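Work through these exercises with the coordinates loaded. Try each task before reading its solution.

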Amino acid sequence: MRIPVSYIPGQPTQLKGYATKLAILGVDFFFAIVSFLGALLITGNFELNFLGIAFIGFAPITLLLLRAISFVWFKTYLIIIRYVGEKDYKNVFYAVSFSSVLFFGLVCLLPNMLPKREAFSIVLVDYILLLVLTGGFRIVIRLVVDRLRLQQGSRLNTVIFGAGEMGALLARVLKHNGTHNYRVVSFFDDNPKVHKKYLNGVQIFNPDPSFEAVIKKFNIKVAIIAINQLSEERRIAFINQCLAHKIKVLKVPPAESWLSDTLQVGQLRNINFEDLLNRPPIQLDKEAIDDSINGKVVLVTGCAGSIGGEIVRQLLNFQPAKIIGLDQAETPLAAIRLSMADAVHQGIFETVIGDIRDWNKLERIFKEHQPSYVFHAAAYKHVPIMERFPEEAIKANVLGTRNLALLASKHRVEKFVMISTDKVVNPSNVMGASKRIAEIYVQALNFAERNKTQFITTRFGNVLGSNGSVIPIFREQIEQRQPVTVTHPEVTRFFMTIPEACQLVLEAGVMGHGGEIFIFDMGAPVRIVDLAEKMIQMAGLTPGLDVEIKFTGLRPGEKLYEELLDVAEDNRPTHHPKIKIAAVRANDYQAIKAPIEQLINTAFEESDPLEIVRQMKQIVPEFASQNSIFSKLD
């Protein structure tokens, strides 16, 4: 196909743009004529002869010329019709005001231009009329465009919870942006001073008595939380109220996370299960943590995992000399390097690929870097898999911990903080028992002769969103409209958020003096089926109707309820309300060393899993297998 020489790509669009500008300029000029005529008629008591007298001379021509120059000078024609706003109104005000002032100045200098007595009145009325016409024209354009935009496609009726500054800003953003699917039809606010008032033409309601009525009246499908200061209890109550009425809930992120300090529609976030945990902010002794970490070399094992990675991120806030991140997983290790590129380039964070079961590799790391602190998060944690391969649980969780602990003691590391789990309490599976054996080893080594390292253990439950947790599994099943699989209707678990758990790990590491097992306040246990139902509702779906909940039966080694203390343990408080110390049974290092070494050797030499687990049960007498082939050993 031959393209004509005169063809210019995009020319129709350019011509359309010029035509729009000329049309707006023409309308404004027409309004200038109308307003002057109107001023003459009003000030002349609508006498036509007065109108004729006023048009003798150069007054109209002079005024219209000044108007044209002002319109061009202040670019009143450069408006984007669908985004007409405050700046456009200002430009019109400046143009009309400037040209009116100049015209009145000329009238004073040349008194014959207009009748002397009526000159000021004519200029004033003309000024007011033109402001009303040009400004009103732009308001009408905006209203028409907004109406057409609302009629396009299928918009979801939306209520904004919060009629303050953030709520007003959000309403403006949603109104002026056509890339979303939300139509703001009402506001909720707890402040009685704003009830029954209007914000940008939208009524504000009291949510307590009016919630159901408003939801039904406006057919609300989406609620957006837009309040800076909102208590956890109130936020959770409102979310649950919305979910009960099948309303999807979104939230405005904190102002410090807005792009270029401007709220954008794409920054609205879905709520997640963490938003339903009533967790007051954790108060850290930042000064004590800073005194301990500042300027020190810290080794973090399992740094590419969810817990280890968050520990690294939080440690960076306390200016360590260097953090050595050790992990055997190649791809996640590369990912964490990219996510912390600044710290890597500054030499503060260095990643090392290696296996905690490799004594020689660990020895080289300790010799080269001489860490003062070790945070040991590397472990195998998946209960059903470790139930099938107990030898691997021993190699990673017991041998790996032993290697690190011995080298930490040998190189006189100040503190060694081990990340444990609530599954060590009256363990019902291989994974929990292997971590309990690791606890026993490091606690006994703490009191061993000639040891100078303080060994500290932190024990907590499931971490929301961590690798292997139910949250990402449920989320994927819901997105694909697959049945959400729950093992048992009554199974419950303790939950914490990743930042919450890691903050308490740092706090416990600082307050510990060696030999303690710190347990964290996990709040009330959560039924997994309740978690599944909430996640389905948060996706705007109905449990059992849109997404089925399927019970699959307890997995090998799994129990209904987790515990943080066994029957023989007690706890005592610390200065931190969320951290307690478990009063566990003491173990002599020389007494437990031999059976643990024998267990490690068996894991490498013995092919029979029953023999490995039998030895584990001898070291941990409270280990009683559940729903497992190893139950025959109890």
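**Exercise 1. A positive phi in a loop**

In which loop is the place of Asn 200? Find its phi and its exposure class as well.

Solution. This is a predicted model, so all values below are computed from it. Start with location: Asn 200 sits in the loop between S3 and strand S4 (202–205). Next, read the backbone. Phi of Asn 200 is near 55°, a positive value in a residue other than glycine. Most residues other than glycine have a negative phi. Last, take the accessibility. Asn 200 has a relative accessible area of 47%, so it counts as partly exposed.

**Exercise 2. Another positive phi**

Locate Lys 196 and classify it as buried, partly exposed or exposed.

Solution. Lys 196 belongs to the loop between strand S2 (182–188) and strand S3 (198–199). Its phi is near 70°, again positive in a residue other than glycine. Now apply the cut-off: exposed means over 50% relative accessible area. Lys 196 has 70% relative accessibility and therefore counts as exposed.

**Exercise 3. Aromatic pairs**

How many aromatic pairs does a search of the whole structure find? Work out the geometry of Phe 104 with Phe 120, then that of Phe 161 with Phe 238.

Solution. The search of the whole structure gives 15 aromatic pairs. Now place the partners. Phe 104 is in helix H4 (residues 86–109) and Phe 120 in helix H5 (residues 119–151), 16 residues apart. Phe 104 is partly exposed, because its relative accessibility is 28%.

Turn to Phe 161 and Phe 238. Here the centres are 4.2 Å apart, with 20° between the planes. Planes under 30 degrees apart count as stacked, and the Phe 161–Phe 238 pair is stacked. Phe 161 lies in strand S1 (residues 156–161) and Phe 238 in helix H8 (residues 232–244), so the pair ties together parts 77 residues apart in sequence. Phe 161 counts as buried at 0% relative accessibility. Phe 238 is buried too, with a relative accessible area of 0%.

To finish, find a cluster. Phe 74, Phe 93, Tyr 94 and Phe 98 form one.

**Exercise 4. Charges over rings**

Over which ring does the charged end of Lys 395 sit?

Solution. The charged end of Lys 395 sits over the ring of Phe 604, 4.8 Å from the ring centre.

**Exercise 5. Two packed helices**

At what angle do helix H17 and helix H19 pack? Name the crossing hand and the residues in contact.

Solution. Two packed helices are described by the angle between their axes and the distance between the axes. Helix H17 (residues 470–479) and helix H19 (residues 528–538) pack at about 45°, with axes 10 Å apart. That angle makes H17 oblique to H19. The crossing is right-handed. On H17, the contact is made by Val 470, Ile 471, Phe 474, Arg 475 and Ile 478. On H19, Ile 528, Leu 531, Ala 532, Met 535 and Ile 536 take part.

Now look at Gln 477, also in helix H17. Gln 477 counts as buried because its relative accessibility is 10%. Leave aside its neighbours within four places in sequence. Gln 477 then contacts Gln 482, Pro 483, Val 484 and Thr 485.

**Exercise 6. Loop residues and distant partners**

What is Phe 447 in contact with, leaving aside its neighbours within four places in sequence? Then locate Arg 585.

Solution. Phe 447 is in the loop between helix H16 (430–446) and strand S13 (454–460). Its relative accessible area is 59%, so Phe 447 is exposed. With those neighbours set aside, Phe 447 contacts Gly 514 and Gly 515. The C-alpha atoms of Phe 447 and Gly 515 are separated by 7.1 Å, though 68 residues apart along the chain.

Arg 585 is in the loop between strand S22 (579–583) and helix H20 (589–605). Arg 585 is partly exposed, with a relative accessible area of 36%. Its C-alpha atom is 9.1 Å from that of Ile 440, 145 residues apart along the chain.

Definitions and conventions
Residues numbered from 1 in each chain as written. Predicted model: local features only at pLDDT ≥ 70, side-chain atom pairs only at ≥ 80, totals over all residues. Heavy atoms only, no water. Phe/Tyr/Trp six-rings, centres within 6.5 Å; stacked < 30°, edge-to-face > 60°. Helix = DSSP H or I, 4+ residues; strand = E, 2+ residues; numbered from the N terminus. Buried < 20%, exposed > 50% of the residue type's maximum accessible area, 1.4 Å probe, protein only. Lys NZ or Arg CZ within 6 Å of the ring centre and 35° of its normal. Axes fitted to C-alpha atoms, helices over the stretch in contact; angles between N-to-C directions. Parallel < 35°, antiparallel > 145°, perpendicular 65-115°, else oblique. Left-handed = near helix turned anticlockwise from the far one by under 90°. Contact = heavy atoms within 4.5 Å.
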